[in-house]
Amino acid sequence: MNDYVIRVVASPSDVSPQAWNALLAAQAEPSPFMRHEYLAALHESGSATPESGWTAQFFTLWRGDTLEAACPVYVKDHSYGEYVFDWAWANAYQQHGLAYYPKATVAVPFTPVPGARLLARDAAGRALLAQALVAWCKESELSSLHLLFGAEADIEACTEAGLMLRHTVQFHWQNPAPGYADFEAFLASLSHDKRKKIRQERRKVADAGVSFRWSRGTDITRADWDFFYRCYARTYREHGNPPYLTRDFFHRMADTLPEAWLLFVAEREGKPIAASLIALATDDGTGRPLVAYGRYWGAVERVDCLHFEACYYQPLAWCIAHGVQRFEGGAQGEHKMARALMPVKTTSAHWLAHPAFADAVERFLEREGEGIENYMDHLGERSPFKAA
């Protein structure tokens, strides 16, 4: 590696926030979830820690005193909170008397958002970082390495390092240039039945006496954050799971990264009944929001179609009004297509230490990849937009 040096640290506090964020800003596909503040909050709030199965190892590549590349790596003893499902691989290992865990994962915990993972000044540094990750996994006798929801440049570096590719499908909304004039203009672009259905769903929420307000950044009050967390935690518990993120995590977000958050609160008879939290990627030069990410939601009262209004229609109306280019609706969910979120292929990269299992997984991924292509073609035939 010539004059490059790899340093691995266990805490984001051991890496300069300014240097880390400068690397992120230089990437083609940055997101707020890879900012130093976000990763540090996950660590310091107890959300992603060894106790919850996420043991952090922050890789940094240096040349002299210059940080050339960096990425978060988590050594894991489970596959929860990843959204690229490898349970079958783990089961196959177990059935053959082999240990799949611990494994290494380059990802943002609990966050299936595509974007830069290997932060680097150039392609050479990114390639070296990918090679160093594989070498470290071999030296540490880990079963595997997984880079989840990577950007195109990351995938290229991983392919060069010998990792196998896996594709999944998400659903994103695009605001075509020069942008919809308003929500009605957006509706006018849809087929008659989809337009009618959205209007019916919105009418149900309005007729139930529900109205919405939104707040962004430092305008989100502590009371609003508390109410949001009550909704968020309740939704997880209704599904039989504890919430991944702690209240302290969101407290830290309010303090260290407020500009990345947009909150919608639903009210009825003057009382809040639901909340939807959206993340924003902005132009650092202007602060103008460029991409919005649907992230968390919850409700304390049941209202027909409230989820669609809080998680799709209110955010889309806001995106249109503020010139946002893209709204990402998160992992899975074909129902999102009826709201004009269209299928997008996302990519992860995987390396397995065991040669026989690596061969078997490679064959599986080839078959799965063909299925994903057919699935994308099938979804493309079900466009909600008017025929050209």
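The model is predicted, so local features need pLDDT of at least 70 and side-chain atom pairs count only at pLDDT 80 or more, while totals for chains, interfaces and linings use all residues. Residues are numbered from 1 along each chain as its sequence is written, and side-chain values use heavy atoms, with hydrogens and water left out.

**Pockets**

- The largest pocket holds about 1000 Å³ of space, where a volume is the space filled by probe spheres set on grid points joined across faces, edges and corners.
- Its lining counts 35 residues, and Thr-235, His-239, Arg-295, Trp-297 and His-307 are the ones nearest the centre.
- Two or more lining residues of the largest pocket come from each of helix H8 (222-238), strand E10 (271-282), strand E11 (289-299), helix H10 (306-321) and strand E12 (326-331); helices (H or I, at least four residues) and strands (E, at least two) are DSSP runs numbered from the N terminus.
- By class, the lining of the largest pocket has 18 nonpolar, 11 polar and 6 charged residues, with Ala, Val, Leu, Ile, Met, Phe, Trp, Tyr, Cys and Pro taken as nonpolar, Asp, Glu, Lys and Arg as charged, and the others, Gly among them, as polar.
- The second largest pocket has about 680 Å³ of space, and 36 residues line it, with Glu-29, Pro-30, Ser-31, Ala-281 and Tyr-293 nearest its centre.
- Strand E13 (342-352) is among the elements that supply at least two residues to the lining of the second largest pocket, and E13 gives the most, with 4 residues.

**The cavity**

- The whole structure has 1 cavity of 30 Å³ or more, and about 40 Å³ of space lies in the largest cavity.
- Residues lining the largest cavity include Gly-81, Glu-82, Phe-110, Arg-117 and Phe-149.
- The lining of the largest cavity comes out as 6 nonpolar, 2 polar and 2 charged residues.

**Helix H4 and what follows**

- Helix H4 (residues 123-139) has 17 residues and should span 24 Å at 1.5 Å a residue, which agrees with end C-alpha atoms 24 Å apart; the expected span is 1.5 Å times one less than the number of residues.
- Buried residues of H4 include Leu-128, Leu-129, Leu-133 and Trp-136; buried means under 20% relative accessible area, exposed over 50% and partly exposed in between (1.4 Å probe, protein chains only).
- At the start of H4, a side-chain oxygen of Asp-122 comes within 3.3 Å of the backbone nitrogen of Ala-124.
- After H4 comes Glu-141, with a positive phi near 55°; Glu-141 sits in the loop between H4 and strand E6 (144-147) and is exposed at 71% relative accessible area.

**Aromatic pairs**

- There are 34 aromatic pairs in the structure, meaning rings of Phe, Tyr and Trp (its six-membered ring) with centres within 6.5 Å; planes under 30 degrees apart count as stacked, over 60 as edge-to-face and the rest as tilted.
- Tyr-38 and Phe-249 pair edge-to-face, 5.3 Å centre to centre with 85° between the planes.
- Tyr-38 in helix H2 (residues 36-44) and Phe-249 in helix H9 (residues 247-256) are 211 residues apart.
- Both ends are buried: Tyr-38 has a relative accessible area of 1%, and Phe-249 is at 0%.
- Tyr-93 and Phe-357 have ring centres 4.3 Å apart and planes at 35°, so this pair is tilted.
- Tyr-93 lies in helix H3 (residues 87-95) and Phe-357 in helix H11 (residues 355-380), so the pair ties together parts 264 residues apart in sequence.

**Loops worth a click**

- Cis peptide bonds join Tyr-101 to Pro-102 and Ala-177 to Pro-178, each with omega about 5°.
- Cys-305, in the loop between E11 and H10, has a positive phi near 70° and is buried at 12% relative accessibility.

Definitions and conventions:
On a 1 Å grid over the protein atoms alone, a cavity is a set of points where a 1.4 Å probe fits but cannot get out, and a pocket is an open set with protein on both sides within 12 Å along at least five of seven lines; lining residues have an atom within 4 Å of a point. A polar contact is a pair of N or O atoms within 3.5 Å; within protein, one must be able to donate a hydrogen and the other to accept it, and residues adjacent in sequence count only if both atoms are side-chain atoms.
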